[in-house]
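Subject: Structure handover

Hi,

Here is the structure I promised, with my notes below it. Please look it over before you set anything up.

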Amino acid sequence: MIVIENLCKQFGKLQALKNVNLTLSAGACIALVGPNGCGKTTLMKSILGMALPDKGTILFDGKDIKNEFAYRSRIGYMPQIGRYPDNMTIKQVIDMIKHLRHYPENQTDKDLITRYQINDLAHKRMSTLSGGTTQKVSAVLAFLFNPDVYILDEPTAGLDPIAAEILKDKIMEEKAKGKLILISSHLLNELDELITELIFMQDGEVLFHKKTDDLRNETGEAKISKTITNMLKKQMS
């Protein structure tokens, strides 16, 4: 569904992406992990069209996304920190995004609105919300328009345990529908039951991209965090 070829991006002297090549297929739930500053955010923003690569191509369903915009309507994006107009209420923000997306109201996915009881909070202004509630709003907006692809940046950060479990259940339901899901997270233990593939980045490069079953077989470890540690030891030896 998404093919990335020889992608490079530089910010001043910092080489954020170095000849990144990846194939992200429909039906996969992929963890994008690595240390801070490794290029994860730049890669996600490049897919979203929010960062323009210096070199290379990104194909979405076989079409180059350069100078294209329509493909973005097929992506649900949940940022690590959602930023919304302080003076608007939750309802006003959701209504505004609905208006901008021109998506049929009867086809929207209101599941998380119900599970997070957002209608009970709809009158609250964004400036008054806790970080966890703002994160719930971001989750609602990411899933509201039934996209084919989800890009989720630290999706459970700031959520209480119950809210985090609700979101993980929703991700698993969307994975079962054959959606492509890309998750960036430092909370590796929370990903064990979700992901089918793992991409590890370091210094702007992809060190490895493997299926989680293959990682477990190669390392003899059940936990994703330990499989990564073992793979990195092999890379360094």
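Which helices and which strand each supply at least two residues of the lining of the largest pocket? They are helix 1 (40-48), helix 2 (90-101), helix 4 (131-143) and strand 6. Keep in mind that this is a predicted model.

**Pockets**

The largest pocket holds about 640 Å³ of space. Its lining counts 23 residues. L48, M50, Y77, P79 and R101 lie nearest its centre. By class, the lining has 12 nonpolar, six polar and five charged residues.

**Cavity**

There is one cavity of 30 Å³ or more. The lining is P155, T156, K168, I183, S185, E190, L191 and L194. Four of these residues are nonpolar, two are polar and two are charged.

Six strands make an open sheet with mixed pairing, in the order 6-7-8-3-9-10. Strand 6 (75-78) and strand 10 (205-211) are the edges. Each has a single partner strand, so one side of each has no neighbour in the sheet. On average, neighbouring strands are turned by 15 degrees against each other, direction ignored.

Strand 7 (residues 149-153) runs parallel to strand 8, and five bridges pair them. L152 has I183 in strand 8 as its bridge partner. I183 also belongs to the cavity lining.

**Salt bridges**

The count is 18. Three of them are worth a look on screen.

- E173 and R115: the N to O distance is 2.9 Å. E173 sits in helix 5 (residues 161-176) and R115 in helix 3 (residues 111-115), 58 residues apart. E173 is partly exposed at 33% relative accessible area. R115 is partly exposed too, at 29%.
- K168 and E193: the N to O distance is 3.8 Å. K168 is in helix 5, while E193 is in the loop between strand 8 (180-184) and strand 9 (197-202), so the pair ties together parts 25 residues apart in sequence. K168 has a relative accessible area of 7%, so it counts as buried. E193 is partly exposed at 45%. K168 is also one of the residues that line the cavity.
- D192 and R216: the closest N and O atoms are 4.0 Å apart. D192 lies in the loop between strand 8 and strand 9, and R216 lies in helix 6 (residues 212-219), so this pair joins parts 24 residues apart in sequence. D192 is at 19% relative accessible area; buried means under 20%, so D192 counts as buried. R216 is partly exposed at 22%.

There is also a network of salt bridges. D109, D111, R115, K170, E173, E174, K177 and K179 are linked in it.

Best wishes

Definitions and conventions:
Residues numbered from 1 in each chain as written. Predicted model: local features only at pLDDT ≥ 70, side-chain atom pairs only at ≥ 80, totals over all residues. Heavy atoms only, no water. Salt bridge = Lys/Arg side-chain N within 4 Å of Asp/Glu carboxyl O. Helix = DSSP H or I, 4+ residues; strand = E, 2+ residues; numbered from the N terminus. Buried < 20%, exposed > 50% of the residue type's maximum accessible area, 1.4 Å probe, protein only. 1 Å grid on protein atoms, 1.4 Å probe; cavity = no way out; pocket = protein on both sides within 12 Å on 5 of 7 lines; lining within 4 Å. Points joined across faces, edges and corners; volume = space filled by probe spheres on them. Nonpolar A, V, L, I, M, F, W, Y, C, P; charged D, E, K, R; others polar. Pairing = 2+ DSSP bridges. Axes fitted to C-alpha atoms, helices over the stretch in contact; angles between N-to-C directions.
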